[in-house]
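Please walk through the structure shown below with this explanation, which goes from a single residue to the chain and then to its sheets and helices.

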Amino acid sequence: MEDELHQALTTVGPRLRALRKEREITLADLSEATGISESTLSRLESGGRKPTLELLLPLAKVHGVPLDELVGAPATGDPRIHLRPIKRHGRTFIPLTRRAGGIQAFKQIIPPAHGPQVPTPQTHEGYEWLYVLSGRVRLILGEQDLELKAGEAAEFDTHVPHWMGAAGTEPAEMLCLFGTQGERAHVRATS
């Protein structure tokens, strides 16, 4: 780690000089634009002065480059999420959150029913919010027998007996937010 830091700091000077030359800016012009003395700028470029955040921020602003580019910061990593689907009772659950506790998000794919379905409502701790992405979902919630189509959402306390299944001949896909301790998902529109 210390070697990487040392390497990054030693390459700042040449980077600063290259940017200034590329933009055809003199040390005097750069000093006037940043408020940093010409001698300090010269020592930064030659490696005689250690770069600090107070010096680098105005230089990045004047040159119009992000600070991480100015210091040659390493890439922050792969932003892709590698999801591992879970298959349970013929359904596919794709976790969309990776942390324990709090509200959990899943994409759920429910295969179409082959023959008549016998709902078996369940209860448990928590609160659930779901949004149908495609297909149709049959939701038994207490005494209610509801059908939700793509673009519709439902929110309910999981202490109420509930069951979900595909309502039709096509699979149903939905996003589910689940809070174990009764956390509610509040969706607000802003204007």
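**A guided reading of the model**

Alanine 172 counts as buried because its relative accessibility is 0%, where buried means under 20% relative accessible area, exposed means over 50%, and partly exposed lies in between (1.4 Å probe, protein chains only). This is a predicted model, in which local features need pLDDT of at least 70 and side-chain atom pairs count only at pLDDT 80 or more, while totals for chains, interfaces and linings use all residues. Residues are numbered from 1 along each chain as its sequence is written, and side-chain values use heavy atoms, with hydrogens and water left out.

Alanine 172 belongs to strand E9, which covers residues 172-179; helices (H or I, at least four residues) and strands (E, at least two) are DSSP runs, numbered from the N terminus. If neighbours within four places in sequence are left aside, alanine 172 is in contact with Gln108, Ile109, Ile110, Ser134, Gly135, Arg136, Val137 and Ala166, contact meaning heavy atoms within 4.5 Å. For one of these residues, arginine 136, the C-alpha atom is separated by 5.6 Å from that of alanine 172, although the two residues are 36 residues apart along the chain.

The protein chain contains 5 helices and 9 strands, and from the N terminus on its elements run α-α-α-α-α-β-β-β-β-β-β-β-β-β. Of its 191 residues, 30% are buried. Among the contacts in the protein chain with a separation of 6 or more, 60% are between residues 24 or more positions apart. The protein chain exposes about 12500 Å², of which carbon and sulfur atoms supply 54%; these accessible areas come from the Shrake-Rupley method with a 1.4 Å probe, and for residues only the protein chains shown count as cover.

Next come the strands. Strands of a sheet pair through backbone hydrogen bonds, either parallel or antiparallel. Two strands are said to pair here if DSSP finds at least two bridges between them. An open sheet of 3 strands shows antiparallel pairing in the order E6-E5-E8. Strand E6 (144-149) and strand E8 (162-166) stand at the edges with a single partner strand each, so one side of each has no neighbour in the sheet. From one strand to the next, the twist averages 20°, an angle that, like the others here, runs from 0 to 180 degrees between N-to-C directions, with axes being lines fitted to C-alpha atoms, for helices over the stretch in contact. Strand E5, residues 136-141, pairs with E8 in the antiparallel sense over 5 bridges, and isoleucine 140 has tryptophan 163 in E8 as its bridge partner.

Strand E1 (residues 86-88) likewise pairs with E2 in the antiparallel sense, over 3 bridges, and here lysine 87 has threonine 92 in E2 as its bridge partner. Between the strands of this hairpin there are 2 residues, and histidine 89 takes a positive phi near 55° there. Histidine 89, which lies in the loop between E1 and E2, counts as exposed because its relative accessibility is 77%. Strand E2 (residues 91-95), by contrast, is mostly covered, with 4 of its 5 residues buried. Strand E2 is also joined by 4 bridges to strand E3 (residues 103-110), and these two run antiparallel; isoleucine 94 stands opposite lysine 107 in E3.

The helices remain. The axes of helix H2 (residues 27-34) and helix H4 (residues 53-63) come within 10 Å and cross at roughly 110°. That angle makes H2 roughly perpendicular to H4, since angles under 35 degrees count as roughly parallel, over 145 as roughly antiparallel, 65 to 115 as roughly perpendicular and the rest as oblique. Leu30, Ala33 and Thr34 of H2 make the contact with Pro58, Leu59, Val62 and His63 of H4. By class, this contact has 5 nonpolar, 2 polar and no charged residues, where Ala, Val, Leu, Ile, Met, Phe, Trp, Tyr, Cys and Pro count as nonpolar, Asp, Glu, Lys and Arg as charged, and the others, Gly among them, as polar.

Histidine 63, in helix H4, is buried because its relative accessible area is 4%. Apart from neighbours within four places in sequence, histidine 63 is in contact with Leu16, Leu19, Arg20, Arg23, Ile25 and Leu30. Glutamate 24, in the loop between helix H1 (2-22) and H2, is instead exposed, at 73% relative accessibility.
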